[in-house]
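The following paragraphs walk through one protein chain. Please look over the sequence and the structure before reading on.

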Amino acid sequence: MASAQQGPVFTIVKGRLQQRANGVLALMGYSQTPDVTSGALSIKSAATNDPAFNNTSLGGGFTVSDSVPIYLEGTLGYARYDPRFIASDGVESRELPTRWNSVIGTVGVGWDFHLTHDLVLRPIVNGSYGRVKSDASIGSLYITNHTNIDLDFLAHGHLDAAGMGGSLMLDYEHYVEAYEVDVELRYTNIYLHSVNDSSRVVTGSSRNENASLWARYRAPTGWHALGRPVRYVLEFAHTSYFGQDADVVGFNHLTSVGTGLELDTSKYHPLWISRARAVVRYVFGQNVQGVSLGLAVTFD
């Protein structure tokens with residue numbers, strides 16, 4: 001381009017594009033399976049100038065029926081990550097305000113093996129597909145007009161990724177009139193890698209390996225609404241991340257405790273919803289803590 005001959009030529013200083021690409025795929029791991037600890041994350045450290053990371057996911061699962069013990073689950077996640085890059089001509093340095101957006105969807109198919117009336121062993125096969133795309137509205141304009149360099153991936157590139165793996169879950173459900181207990185112990189291992197020659201600059205790969213424990217206790221409050229008892233809800237969840245990608249955002253475990261209320265809407269059957277819950281959760285881990293509000297429904 002003619003403009004490439006004008007002014008100083010800037011180059012990226014310690015851009016580590018390959019390492020960043022692996023890192024952003026590792027961040028997708030927080031959205032690959034239903035998990036209350038990582039379903040809504042917003043992480044930023046102004047003191048250390050760490051790149052901000054925001055993650056939101058929606059997911060759930062169910063068994064078709066007692067007579068057809070096929071388990072189906074799905075998760076859809078969106079994340080925004082702002083890796084900082086520095087361009088320099090040897091004298092002057094400039095920051096490139098890039099933004100990477102990622103979307104990933106994961107489905108799972110499993111089978112319920114009843115060990116006892118209340119305890120189920122559930123192997124699950126998982127498949128994922130996602131895309132990372134640079135925010136060209138900011139990055140491309142700055143790169144084109146101010147740095148005299150052509151960096152396709154930073155300006156308007158994308159990285160498609162696909163993954164396969166599996167999970168193994170122990171699911172305990174004990175329901176009586178006085179109270180209800182749910183406990184899930186789960187191990188997940190999904191390998192994610194770039195596909196379709198989506199970028200000529202970088203490729204990426206990561207492995208989402210984690211173990212999680214989730215428990216919920218529900219019991220009547222003594223109040224009634226919609227013609228049914230109102231229940232209080234107590235929750236506990238803990239997830240530990242393993243492997244070389246475990247601490248990509250500075251922690252390798254998250255813990256959540258929560259409390260809330262549950263309405264039984266089964267008397268009116270609106271949209272086949274039998275229950276609706278609102279739970280306030282306190283989430284904490286290594287150097288991170290926060291509060292979230294979770295809304296959920298149970299379908300008939």
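This is a predicted model: local features need pLDDT of at least 70, side-chain atom pairs count only at pLDDT 80 or more; totals for chains, interfaces and linings use all residues.

R131 counts as partly exposed because its relative accessibility is 36%. This arginine forms a salt bridge with D160, with 2.6 Å between the closest N and O atoms. R131 lies in strand 9 and D160 in strand 10, so the pair ties together parts that are 29 residues apart in sequence. D160, at 6% relative accessibility, counts as buried.

The average pLDDT is 79, and 69% of the residues score at least 70. Strand 8 has the highest confidence, at 96, while strand 1 (residues 11-13) has the lowest, at a mean of 54. Over residues 1-6 the pLDDT stays under 50, and the model has three contacts beyond four places in sequence for them.

The chain contains 16 strands and three helices. Of its 300 residues, 42% count as buried. Taking contacts between residues at least 6 apart in sequence, 62% join residues at least 24 apart. One example of strand pairing is given by strand 3 (residues 53-63) and strand 4 (residues 70-81), which run antiparallel over 11 bridges. A hairpin of six residues joins strand 3 to strand 4, and T63 stands opposite Y71 in strand 4.

The structure holds 15 salt bridges. One of them is between D171 and R122, whose closest N and O atoms are 3.2 Å apart. Here D171 belongs to strand 10 (residues 158-175) and R122 to strand 9, so this pair ties together parts that are 49 residues apart in sequence. Both D171 and R122 are buried.

Another salt bridge joins the side chains of R218 and E262, at 2.9 Å from N to O. This pair links distant parts of the chain, with R218 in strand 12 (residues 205-225) and E262 in strand 14 (residues 253-264), 44 residues apart. R218 and E262 are both buried. They also belong to a network of salt bridges that links E180, D182, R218, R231, E262, D264, R275 and R277.

The surface remains to be described. The accessible surface of the chain comes to about 15600 Å², and 60% of this belongs to carbon and sulfur atoms. A nonpolar patch of about 1100 Å² is made by residues including L115, L170, F236, Y282 and L295. Strand 15 (273-285) and strand 16 (288-299) each supply at least two residues of this patch. L115 lies in the loop between strand 8 (113-114) and strand 9 (119-134). L115 counts as partly exposed because its relative accessibility is 49%.

Definitions and conventions:
Residues are numbered from 1 along each chain as its sequence is written. Side-chain values use heavy atoms; hydrogens and water are left out. Patches are made of residues with over 30% relative accessible area and no salt bridge: like charges are joined within 9 Å, nonpolar side chains (Val, Leu, Ile, Met, Phe, Trp, Tyr) within 5 Å. Accessible areas come from the Shrake-Rupley method with a 1.4 Å probe; for residues, only the protein chains shown count as cover. A salt bridge is a side-chain nitrogen of Lys or Arg within 4 Å of a carboxyl oxygen of Asp or Glu. Helices (H or I, at least four residues) and strands (E, at least two) are DSSP runs, numbered from the N terminus. Buried means under 20% relative accessible area, exposed over 50%, partly exposed in between (1.4 Å probe, protein chains only). Contact means heavy atoms within 4.5 Å. Two strands pair if DSSP finds at least two bridges between them. pLDDT is the predictor's confidence in each residue, from 0 to 100.
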